[in-house]
Amino acid sequence: MFFDSDLLMSALRALTPILLAALGGAVCERAGVFNIGLEGMMLMGCFTSVATSWFTGSAWLGVPAAALAAAAYSLILAVGAVTLRGDAVVLGVAMNLLAVGLTGFLLRTVFGVQGTFDDPSLAGLPLVGGFTPLTYLSWAAVAVAAVLLSRHVWGLRLRGVGEAPDAAATLGVSPARYKYAAVLLSGVLCGLAGAQLALGNVTLFTENMTAGRGWIAVVAVMLGRAAPVGVLLAALLFGLAEAAGFRLQGLGLPQQATDAAPYVVTLGALFLTTARRRRRTPSPSGAAS
């Protein structure tokens, strides 16, 4: 049987890093900062969590270390896009490329290996009911983000900063402060996503191990319209696609084809969403008539 409980469990495990990163992207989107640097922040979290876990012997220390490292890395976007008013898209692409090169360099410098670091003494995250604690944390984060953005004063001000920063400033709200907070929070969430990927889904670090999951998280933000529940549903779709890809690989399909499954789903979802929005938007000629 193709669709069974094992497939669902695998999908939920694949969902966690994408969901955490996408929630960070959604918070940035609500603050008016288009964050496509999620991939690079996740990769920094992956490396930091593995390095900290290996040196200290504790995966629990690797998790906060990953969050702090990714938050510090996110300052590149905060300073560049908010303070210096640079292009957030260009900065995000640069951060993704820098993270690939930097973690590859650190892999050789710190561990003296190339490609992959895998050691039997490397401590991974424990499982509770088949999932790591970060998986349950990601589900709780959806509920917290939904309440925070729709009912809490901080969330309402954050949305105001993103939609009308000049109007928010006239009310005494600092747009720069809220944008910085949103970017830093996205860094923390991406760091947790990286820790889950490197110490939860597997227990190792390999160069560019995020493999486009940060970009998928960006698409999840777009499909979910930066709403926490919508982001959850979009991320779940990609998690199911990744789990199905692994299942098809076990049935004999080529690895190259199964690895492409999440990205094919991503392109298809973007195409359908764009087509639906175009049908709903009246053309200028139609509006005039």
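Reader: Is Phe47 buried or exposed?
Author: Phe47 is buried, because its relative accessible area is 7%; buried means under 20% relative accessible area, exposed over 50% and partly exposed in between, with a 1.4 Å probe and protein chains only. This is a predicted model, in which local features need pLDDT of at least 70, side-chain atom pairs count only at pLDDT 80 or more, and totals for chains, interfaces and linings use all residues. Residues are numbered from 1 along each chain as its sequence is written, and side-chain values use heavy atoms, with hydrogens and water left out.

Reader: How many aromatic pairs does the whole structure have?
Author: A search of the whole structure gives 11 aromatic pairs. Rings of Phe, Tyr and Trp (its six-membered ring) pair if their centres lie within 6.5 Å; planes under 30 degrees apart count as stacked, over 60 as edge-to-face and the rest as tilted.

Reader: Why is the pair of Phe47 and Phe111 edge-to-face?
Author: The ring centres of Phe47 and Phe111 are 5.9 Å apart and the planes stand at 65°, so the pair is edge-to-face. Phe47 lies in helix α2 and Phe111 in helix α4 (residues 88–111), so this pair ties together parts that are 64 residues apart in sequence. Helices (H or I, at least four residues) and strands (E, at least two) are DSSP runs, numbered from the N terminus.

Reader: And Phe111, buried or exposed?
Author: Phe111 is buried, with a relative accessible area of 13%. Phe111 also forms a stacked pair with Phe55, at 6.3 Å centre to centre and 20° between the planes. That pair joins helix α2, which holds Phe55, to helix α4, which holds Phe111, across 56 residues. Phe55 itself counts as exposed, because its relative accessibility is 54%.

Reader: Which residues do ring pairs link into a cluster?
Author: The cluster consists of Phe47, Trp54, Phe55, Phe111, Phe117 and Phe205.

Reader: Changing topic, where is Thr48 found?
Author: Thr48 is found in helix α2 (residues 38–56), and Thr48 is buried at 16% relative accessible area. Leaving aside neighbours within four places in sequence, Thr48 is in contact (heavy atoms within 4.5 Å) with Ala65, Ala66 and Ala69.

Reader: Which residues of α3 does α2 meet?
Author: Among them are Ala65, Ala66, Ala69, Tyr73 and Leu77 in α3, while the α2 side includes Gly40, Met44, Thr48 and Thr52. By class, this contact of α2 with α3 has 10 nonpolar, nine polar and no charged residues. Ala, Val, Leu, Ile, Met, Phe, Trp, Tyr, Cys and Pro count as nonpolar, Asp, Glu, Lys and Arg as charged, and the others, Gly among them, as polar.
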